[in-house]
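Please consult the sequence and structure shown below.

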Amino acid sequence: MAAFVRRHQGRVYGLALSVVGVPAVAEEVAQEAFVRAWRHAGNYDARRAQASTWLLTITRNVAIDVLRVRRELATEPVLMAEMLVAPNNDGDRVADSDRITTALRAIPREQAVAVLLSVHFGLTAREISEQEKIPLGTAKTRIRTGLSRLRTMLEVRHG
């Protein structure tokens, strides 16, 4: 098990951090993902997926569960997303967050909010459409277009 953890810990932590955005919480998510993998190792089927894919799916699910709990405890996700893209928000930040925040503020507000609700809070397109009171297709388009624009902006600046 130790070799398995060493081999996958970087990717598991990285995925957890990209979903939850807080290093300490990402560490907890990663630890819980490995515990669940160990607990459910008997259910793993190599014919269905690689071990790393299976583990990263567990990680994503744990991270989304954590976000949902934090969201319920913290605030309404739409209001939080609106605050995060507001030009005067300079709260707690993680590495690269200034670049990401600048990119989020450069795309249309509706797309930035949809991306944050999807990526940061783990909401589905259907949940976003309900929260924002927009058609499902519109929510999907906002997420897809916003992510595409962010990817382009961040790749150009980074590389």
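Trp54 is partly exposed, at 21% relative accessibility; partly exposed lies between buried (under 20% relative accessible area) and exposed (over 50%), with a 1.4 Å probe and protein chains only. The model is predicted: local features need pLDDT of at least 70, side-chain atom pairs count only at pLDDT 80 or more, and totals for chains, interfaces and linings use all residues. Residues are numbered from 1 along each chain as its sequence is written, and side-chain values use heavy atoms, without hydrogens and water.

**Aromatic pairs**

- The structure holds 2 aromatic pairs, defined for rings of Phe, Tyr and Trp (its six-membered ring) with centres within 6.5 Å; planes under 30 degrees apart count as stacked, over 60 as edge-to-face and the rest as tilted.
- Phe4 and Phe34 are edge-to-face, because their ring centres are 6.3 Å apart and their planes stand at 90 degrees.
- Phe4 belongs to helix α1 (residues 2–20) and Phe34 to helix α2 (residues 23–39), so this pair ties together parts 30 residues apart in sequence; helices are DSSP runs of H or I, at least four residues, numbered from the N terminus.
- Phe34 is buried at 10% relative accessible area, whereas Phe4 is partly exposed at 23%.
- Tyr44 and Trp54 form a tilted pair, 5.1 Å centre to centre with 50 degrees between the planes.
- Tyr44 lies in the loop between α2 and α3 (51–74) and Trp54 in helix α3, 10 residues apart.
- Tyr44 is partly exposed, at 28% relative accessibility.

**Helix α6**

- The 12 residues of α6 (residues 109–120) should span 16 Å at 1.5 Å a residue, which agrees with the 15 Å between its end C-alpha atoms; the expected span is 1.5 Å times one less than the number of residues.
- Buried residues in α6 include Gln111, Val113 and Leu117.
- Gly122, which follows α6, has a positive phi near 75 degrees.

Definitions and conventions
Helix = DSSP H or I, 4+ residues; strand = E, 2+ residues; numbered from the N terminus.
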